[in-house]
Amino acid sequence: MTLTTAPEFEHGDEQRLAAFGLSYTIFHDGLRAGATRAANRSALALDTSPGTDIYHDGMEGLAQILASDGWRLMYVDKQPRLVHPEGIVSFAVSSGINVGKANMRVPRTRKKGIATRNSLAPAPSTPSLFDDPENDRLAELARAAEKAPFYFLLFERVTVGKSGLLLEFSRPAEMTDGGSVVEWADRIAVPILDLEGDLSMFDEPGDDEFDVAVEPR
């Protein structure tokens with residue numbers, strides 16, 4: 001794809017992510033390994049390999065980062081989702097087109113299944129999070145996963161002129177009969193993940209690195 005102008009990441013977007021216990025830094029850190037793997041695929045890789053790299057590595061990376069804050073990786077109608085510990089939001093990684101573009105058509109995903117259709121944003125009421133707060137924690141969280149407002153962390157690969165991912169955090173509202181999400185109840189801008197500007201390889205070594213002693217002869 002050709003890079004076009006993405007919307008600026010505004011302070012309001014950062015605050016809205018923070019209300020969910022999220023940040024663009026969390027998204028970037030969680031997606032970086034998969035995006036880097038995808039960017040380094042050879043010409044002999046299958047067309048679907050880069051997207052699979054980002055999805056699988058991204059879901060795992062985000063789950064690892066968010067686990068310490070109580071987030072859980074759970075399945076809703078066989079769709080894996082990361083669920084906030086208080087059930088205020090859940091999300092999954094997904095590829096899309098027209099992602100994060102201020103002057104283009106709205107984003108559109110590829111085919112999704114029944115889990116996404118069952119989680120489309122209602123208009124305009126907000127569902128309650130828990131039916132019975134006295135049930136044990138896992139059962140409570142499972143119900144929360146089904147009822148929580150559901151978002152996609154949408155990504156679109158940049159492969160011309162720059163290497164990285166266009167991103168946004170958006171709540172699906174309407175799907176076509178074929179299963180593509182084409183309308184969104186909420187869109188939160190996320191800064192581009194710029195792999196060419198990634199200097200993480202030059203970070204200071206941690207305590208687990210070893211030193212080599214040099215002795216005079």
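User: Which residues lie nearest the centre of the largest pocket?

Analyst: Twelve residues, stated as 12, line the largest pocket, and S95, G96, R110, F155 and R157 lie nearest its centre. A pocket is an open set of points on a 1 Å grid over the protein atoms alone where a 1.4 Å probe fits, with protein on both sides within 12 Å along at least five of seven lines; lining residues have an atom within 4 Å of a point. The model is predicted, with local features needing pLDDT of at least 70 and side-chain atom pairs pLDDT 80 or more, while totals for chains, interfaces and linings use all residues. Residues are numbered from 1 along each chain as its sequence is written, and side-chain values use heavy atoms, without hydrogens and water.

User: What makes the pair of W71 and F91 edge-to-face?

Analyst: The search of the whole structure finds eight aromatic pairs. In the pair of W71 and F91 the ring centres are 5.7 Å apart and the planes stand at 75°, so the pair is edge-to-face; rings of Phe, Tyr and Trp (its six-membered ring) pair if their centres lie within 6.5 Å, and planes under 30 degrees apart count as stacked, over 60 as edge-to-face and the rest as tilted.

User: Why is W71 called buried?

Analyst: Buried means under 20% relative accessible area, exposed over 50%, partly exposed in between (1.4 Å probe, protein chains only). W71 has 5% relative accessibility and therefore counts as buried; F91, at 0%, also counts as buried.

User: Which residues form the aromatic cluster?

Analyst: One aromatic cluster is formed by F20, F27, W71, F91, Y151 and F169.
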